[in-house]
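Please look over the sequence and the structure below before reading on.

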Amino acid sequence: YLSPDHEAPRITAWIAVRTGSRNDPPDCTGLAHYLEHMLFKGTQRLGTTDWAKERPLEEKIEALYERRFRSTDPIERARLYREIDKANVAASAYAVPNELDKLYNRLGFDGVNAFTMNDGTVFISNFPRNRAPVWARVESDRFTHPVLRLFEPELEAVYEEKNRSLDHPEQGLWEALTLRAYPKHPYGTQTTLGSVEHLKNPSLKRVRGYFHEHYVPGNMAVVLAGDFEPAAILPLLEKTLGRIPAGPVPPQPPADLAGPKGEERFEVKFEAEDKVEIAWRATANTDPDADALAVLDMLMDNASAGIINLDLVRAQKVKSAGSFPDLLNDAGIWVVWAVPKTGQTPEEAEALLKASVEKLKNGGFTDDDLKAVVTNFEVGEKRALESDEARVQRM
């Protein structure tokens, strides 16, 4: 997907893979996110001083992890971990940590990163236009011959992400909310970071298998916006990324979209200020009703003149409040939220939120309000399209 723009001599590039935590095996959650981290560890040519000598050690490490993954004996698992640690020390003699990042930084790249979501994993970068050939060659190598080296130390980084999420009130509330919105679907039952139990017992073999199953061209998109000519860059992409071996596109696993049965209430306890969230099941992001929901949400919260903004925030009836849609590929939810002010109970803030929703349902807005939010939305979209990153994100 190409969007030329000659405003600045740089290119924003995203490589998107249509797989995320929704596709994690139920007994190995967090796998898509693991893999995202591991695809920064280099290839058979990048990140190593001698792949021929490193390879048997990496194969040994994978075999040891698999034996540990399948073992339930605590003594054997401890012994296998000591063997893994020893093999890691030997393999690290040939590893060059962060060589991909160092290469890109040396060549003027910005924003080299990646993120994993429910429905996708995306690898991002921004580089000078004359570095496009290097970027294409490196990314082609990365997605053709990745080496999942330095797995043990990278797990520590993943553990730390999980630990921070467990201490984060917003994350805890969100996970509790989505579990009740999607009680039998991976959107609710599987977090992107995975469960603590699964993080403590990873299978490197399954990570590699997941890569070969999902990272196939028919499941991927290369998206560029910036200073290039399509006639010049297409042959480059064909010669590099076009050589990634094709394979069957994996079918989307079936999932149960059953929702809550009536109103469900719950409480999550953290050392933090109170917050109330109310969610309704909504439509998937490709449904025609998604547009109606976008307008509905802007009528409620457009940061300045929505029903919630005027009736609750500006009127100082709560400390803060708002609404947002979270529409995914299979289904979605719409959320209203409020932080009670000093001396106010969560139940009182909840009642105010529900009154705002009732006002919307009863037509408490004018045709001019509708025209205003749509006009503001269109202006914002057109302004955003002046940004390479915004155009890449939309594509």
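R79 is partly exposed, with 31% relative accessible area, where partly exposed is the class between buried (under 20%) and exposed (over 50%), computed with a 1.4 Å probe on protein chains only.

## Basis of the model

This is a predicted model, in which local features need pLDDT of at least 70 and side-chain atom pairs count only at pLDDT 80 or more, while totals for chains, interfaces and linings use all residues. Residues are numbered from 1 along each chain as its sequence is written, and side-chain values use heavy atoms, with hydrogens and water left out.

## The chain as a whole

The chain has 16 helices and 8 strands, which are DSSP runs numbered from the N terminus (H or I with at least four residues for helices, E with at least two for strands). Its C-alpha atoms fill a box of roughly 70 × 60 × 35 Å along the principal axes, and 45% of the 395 residues count as buried. Among the contacts with a separation of 6 or more, 79% are between residues 24 or more positions apart, contact meaning heavy atoms within 4.5 Å.

## Other salt bridges

The structure holds 26 salt bridges. In one of them, the side chains of K53 and D50 meet at 4.0 Å, N to O; K53 is partly exposed at 49%, and D50 is partly exposed at 25%.

Another salt bridge links R265 with E263, whose closest N and O atoms are 3.5 Å apart. R265 is exposed, with a relative accessible area of 55%, and E263 is exposed as well, at 59%. Through salt bridges that share partners, E263, R265, E350 and K354 are joined into one network.

Which residues is Y215 in contact with, leaving aside its neighbours within four places in sequence? They are V17, T19, L35, L39, T121, F123, F143, Y210 and M220.

## How helices α2 and α3 pack

Two packed helices are described by the angle between their axes and by the distance between those axes. Helix α2 (residues 51-70) packs with α3 at an angle of about 165°, and their axes are 9 Å apart; the axes are lines fitted to C-alpha atoms over the stretch in contact, and angles run from 0 to 180 degrees between N-to-C directions. The two helices, α2 and α3, are therefore roughly antiparallel, a term for angles over 145 degrees.

Among the residues that meet between these helices are L57, I61 and L64 in α2 and L80, I84 and A87 in α3.

Terms used. Angles under 35 degrees count as roughly parallel, over 145 as roughly antiparallel, 65 to 115 as roughly perpendicular and the rest as oblique.
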